[in-house]
Amino acid sequence: MTLIALAAIERVFHLGETDVHALARIDLTIAAGEYVAVVGPSGSGKSTLLNLLGLLDQPTAGTYHLEGRDVTTLSPDEQAAVRSRRIGFVFQSFHLVPRLTAAENIALPMMLDGVPVVVREQRVRQALRDFGLDQRANHRPDELSGGQRQRVAIARATIMQPALLLADEPTGNLDRATGEEVVHLLEALNAQGMTLIVVTHDAALAARAGRQIMMEDGRVKSDVSHAASTTLTSV
Amino acid sequence: MQYTDILRFARDAATAYPLRTLLSVLAMAIGVASVVLLTALGDGARRYVVGQFSSLGSNLVIVLPGRSATGGFNPANGITTTPRDLTVDDAAALLRAPAVQRVAPLAVGTSEISAGGRVREVVAAGSTASFMAIRNFQLAQGRFLPEDDWRSSAPVAVIGMTIRNDIFGNQPAVGQLIRLGDRRVRVIGVLKSTGQGVGMNTDELVIVPVALAQALFNSNTLFRIMIQARGREQIEAAKAQATAIIKARHGGEEDVTVITQDAVLATFDKLLGALTAAVAGIAAISLLVAGVLVMNVMLVAVTQRKAEIGLIKALGARGSTIRQIFLTEAAMLSLAGAVTGYLLGQLGALILRQLFPVFPAYAPGWAVAAALMTALVTGLLFGILPARRAAQLDPVDALMRH
């Protein structure tokens with residue numbers, strides 16, 4: 001089943017007199033449950049692509065269908081609802097709210113969506129168990145290690161059971177071992193059927209994905225898929 | 001987002017930056033406190049003056065000798081004939097007026113009082129038995145002047161509390177003989193202490209029958225004639241009748257001034273009420289300043305929490321939700337400031353009342369309500385701009401900053 005269908009997507013930034021084509025006529029289809037790595041040098045447009053996929057940014061031209069629905073024409077509030085229920089974000093710098101505890105950070109998307117407190121508490125408890133954070137529920141981000149912070153962020157990104165998980169350099173601020181741990185966590189979520197799109201500079205991390213999209217100058221330079229088993233051996 | 005969640009989120013956000021929150025709450029508190037305290041002062045002054053005038057007696061009409069135009073000094077007054085004096089007979093004639101319940105002539109002069117070797121100067125007032133009812137005097141000991149013929153100059157006196165203490169110390173005063181000027185009079189009563197009032201201080205007053213006073217001062221004129229009308233609605237009638245009677249008695253010339261206590265009271269009431277409102281208005285400017293400060297603080301908060309705003313947008317918060325969060329926070333700051341300021345202001349008024357017990361420094365209800373409303377409204381109004389700015393933040397830009 002097709003989850004994402006981009007058709008002739010363009011994104012132009014106006015920087016003073018010059019127009020910068022961050023994305024130039026991108027056509028891309030991603031099926032539900034895929035594990036995609038987006039790679040490319042800085043300024044290649046991979047972050048812009050991720051922001052567009054996450055409905056944080058609007059294309060200048062082209063259409064974006066998410067789960068068969070044209071989301072480019074939605075009102076800001078409707079897009080917010082899509083972000084809330086269908087899309088999860090994991091950021092390089094975690095983006096946890098410093099004054100909230102781990103449990104409160106995980107509950108944040110549910111709180112914003114108006115989920116009743118009882119349901120929230122139950123789901124947060126489950127998520128804390130799933131991500132091995134039981135003992136850290138009432139700790140604030142500054143009392144957590146980097147790996148724990150990213151686990152909280154992933155728990156938060158997946159608490160609404162989104163169809164699409166977008167990760168922007170998820171291991172960028174972590175040491176190798178912790179990064180590995182976080183990648184396994186994301187891959188486990190992908191194995192459960194969640195579509196995973198990772199933007200990374202890390203060739204080793206990209207190589208683990210079932211499909212690698214190489215970006216350059218706002219275009220897709222190459223788009224390679226292999227069997228998951230072969231990628232695991234190459235690590 | 002549920003309202004309880006918005007409240008909790010805004011509260012946590014406010015308490016996460018204690019200094020910033022404290023400062024804006026303080027600014028708002030000072031504004032509200034100054035409105036409460038200053039209006040308490042203004043309204044206290046109004047109540048004090050009104051209270052003092054009311055203590056003169058109720059339904060009071062006062063006849064003064066001489067015509068005084070309300071328009072101030074009129075040179076024409078200077079060339080008319082000298083006004084006729086008010087006499088005890090004038091006062092007695094006023095009893096005929098149907099709207100008049102009681103009349104008390106009043107002759108005032110200074111005299112010397114001595115007893116047991118102590119001497120002091122006093123203000124002596126000559127009047128009649130009805131003086132007590134008209135002026136609402138309370139007796140501490142003994143009785144007031146007897147219901148006599150006004151021409152009788154019985155050698156009796158009612159004295160004020162201060163004089164009683166000065167002359168007799170802790171000896172009993174009632175029944176004692178004292179010397180007043182060149183007369184020997186017997187003290188028959190002592191007035192209850194009332195403190196300083198408008199006009200005469202009754203604590204330092206000696207009241208004797210009007211005929212005795214006139215004999216003492218060697219004069220047959222009166223200082224005032226005090227009239228008590230039969231009721232509040234009869235005051236104007238009593239005034240008109242008194243004027244007519246005196247005019248008839250003075251050969252058709254209107255050479256007296258008749259004032260009603262109500263008119264005097266209303267003037268003071270209006271004057272001091274306006275003063276209170278003016279003071280409240282000045283204090284309200286500080287509320288406006290506090291509102292600007294809350295806006296400033298909220299704008300700083302939006303900048304400080306840019307990443308957080310971007311994040312909750314990414315997590316699916318709608319623009320309206322973000323606006324609500326920031327407006328709620330601004331309202332909380334204002335409310336906390338308003339409540340703190342209200343308590344501070346009331347505390348200040350309480351201290352003021354403790355220090356000056358005669359001064360009724362209570363903030364009027366309208367001022368308190370207006371101060372609290374203004375605080376909330378300015379807080380919310382000045383919260384709109386920061387809240388809009390937060391809601392319009394570009395999430396990509398906000399998240400990139402980190």
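## Two packed helices of chain B

Helix α9(B) passes α12(B) in a right-handed crossing, the term for a near helix turned clockwise from the far one by less than a right angle. By class, their contact has 20 nonpolar, five polar and one charged residues; Ala, Val, Leu, Ile, Met, Phe, Trp, Tyr, Cys and Pro count as nonpolar, Asp, Glu, Lys and Arg as charged, and the others, Gly among them, as polar.

Helix α9 covers residues 261-304 of chain B and helix α12 residues 365-391 of chain B; they pack at an angle of about 25°, with axes 8 Å apart. The two helices are therefore roughly parallel to each other, a label for angles under 35 degrees.

## Basis of the model

This is a predicted model, in which local features need pLDDT of at least 70 and side-chain atom pairs count only at pLDDT 80 or more, while totals for chains, interfaces and linings use all residues. Residues are numbered from 1 along each chain as its sequence is written, and chains are lettered from A and ligands numbered from 1 in the order in which they are written.

## Domains

Chain B is divided into domain 1 (3-53 + 266-400) and domain 2 (84-254), with bounds from an automatic or database domain assignment. Their C-alpha centres lie 55 Å apart.

## Helix α7

In helix α7 (residues 210-217) of chain B, six of the eight residues are buried, meaning that 20 or more other C-beta atoms lie within 10 Å of a residue's own. Among them are V210(B), L212(B) and L216(B). The buried residues of α7(B) pack against elements of chain B including α4 (88-94), β2 (100-115) and β8 (205-209). Just after α7(B), N218(B) takes a positive phi of about 55°.

Methods:
Axes fitted to C-alpha atoms, helices over the stretch in contact; angles between N-to-C directions. Helix = DSSP H or I, 4+ residues; strand = E, 2+ residues; numbered from the N terminus. Parallel < 35°, antiparallel > 145°, perpendicular 65-115°, else oblique. Buried ≥ 20, exposed ≤ 12 C-beta atoms within 10 Å, placed from the backbone. Contact = placed C-beta atoms within 7 Å.
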